[in-house]
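Dear colleague,

Here is the structure for your files, with the sequence. My notes follow below it.

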Amino acid sequence: VNMSRTIGIIAGSGIYPEAFIDAAHAKSPDTRLVMAAFHGETRDELTDEVAAADWFRVGQLGKMIKFFKKEGVDEAVMVGQIAPKNLFDLRPDVRTMLLLARTKEKNAESLFGGIADELAKDGITLLPATTFLEDMMPAEGHVCGPKLNEAAVEDARFGYKIAKETSRLDIGQSVVVRNGTVLAVEAFEGTNACIRRGGELGRGKEVTLAKVAKPNQDFRFDVPVIGPDTVKNCAQSGIGVIAIEAGKTLMLAGEEVSSMCDEHKVSILAL
């Protein structure tokens with residue numbers, strides 16, 4: 001009996017899909033990986049690292065599930081981002097249209113929840129997007145970069161508290177703060193735009209980015225992630241501290257992040 005798993009990867013953009021593939025190969029070498037790639041999102045060369053791959057538009061849910069079934073997939077993960085503009089430029093197939101008709105609030109969470117339900121109807125379980133990556137989630141305390149003084153830690157705690165509130169209200173999961181003042185709140189435009197706005201308003205090193213999980217975050221399709229780009233964007237915007245939620249934030253390309261933090265004097269703190 002062949003007991004090896006076949007996992008379908010729903011692959012967005014960025015380094016997340018690659019990190020997942022590397023970790024899966026390392027931790028579970030006999031797991032067969034099958035990838036659904038998306039035009040305009042997934043990096044082409046990733047298709048070489050999996051057993052089978054096919055290309056889709058975001059709205060082709062029925063086609064994607066058919067492909068997974070044909071490849072014997074019974075578990076799937078969603079890794080990497082799909083640009084919000086592409087979520088709305090769906091050109092949906094029948095299955096996606098039915099899903100949209102059933103979904104009252106068209107926020108990412110309900111849409112992805114709907115996708116998870118559709119997969120389940122075909123016997124495909126959506127796994128947490130942290131599968132195989134658990135050791136990339138920093139524990140509480142100083143993670144990397146220069147050590148922080150008490151005032152900076154206080155500000156990080158303040159930002160963390162505000163970000164917890166905005167994420168509870170479904171506004172966004174990142175805020176930029178300085179000396180107890182909120183400079184920018186992330187909404188639909190995404191973390192990078194929030195970093196840029198906050199940095200422009202706060203020119204100076206005592207600016208902090210806080211990024212957290214929602215109070216009832218669904219880790220199947222929504223994991224807070226930081227990586228080299230986060231550090232680069234913060235450094236360019238004059239943000240010197242990144243506060244993340246301990247045990248619930250993925251730090252991808254950790255060694256690169258760590259050396260960039262030293263180089264750009266950016267500190268990462270897990271709260």
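Helix H8 (residues 228-236) lies across strand S9 (207-211), strand S11 (239-244) and strand S13, and runs at about 140 degrees to S11. Axes here are lines fitted to C-alpha atoms, for helices over the stretch in contact, and angles run from 0 to 180 degrees between N-to-C directions. Helices (H or I, at least four residues) and strands (E, at least two) are DSSP runs, numbered from the N terminus.

This is a predicted model, in which local features need pLDDT of at least 70 and side-chain atom pairs count only at pLDDT 80 or more, while totals for chains, interfaces and linings use all residues. Residues are numbered from 1 along each chain as its sequence is written, and side-chain values use heavy atoms, with hydrogens and water left out.

The sheet: 6 strands form an open sheet of mixed pairing, in the order S6-S13-S11-S9-S7-S8. Its edge strands, S6 (141-144) and S8 (181-185), each pair on one side only. Neighbouring strands are turned by 25 degrees against each other on average, direction ignored. Two strands pair if DSSP finds at least two bridges between them; S6 and S13 (residues 267-270) run antiparallel and are joined by 3 bridges. Glycine 141 has alanine 270 in S13 as its bridge partner.

Helix H7 (residues 191-202): its 12 residues should span 16 Å at 1.5 Å a residue, and the end C-alpha atoms are 16 Å apart, which agrees. The expected span is 1.5 Å times one less than the number of residues.

Cysteine 194 is in none, and the nearest cysteine sulfur, in cysteine 234, is 9.3 Å away. Cysteine 194 has a relative accessible area of 0%, so it is buried. For cysteine 261, the closest cysteine sulfur is that of cysteine 144 at 3.8 Å, too far for a bond. Cysteine 261 is also buried, at 0% relative accessibility.

Isoleucine 9 lies in strand S1 (residues 6-11) and counts as buried because its relative accessibility is 0%. Leaving aside neighbours within four places in sequence, isoleucine 9 contacts residues including Phe20, Leu33, Met35, Phe68 and Val79.

Regards

Key:
Contact means heavy atoms within 4.5 Å. A disulfide is a pair of cysteine sulfur atoms within 2.5 Å. Buried means under 20% relative accessible area, exposed over 50%, partly exposed in between (1.4 Å probe, protein chains only).
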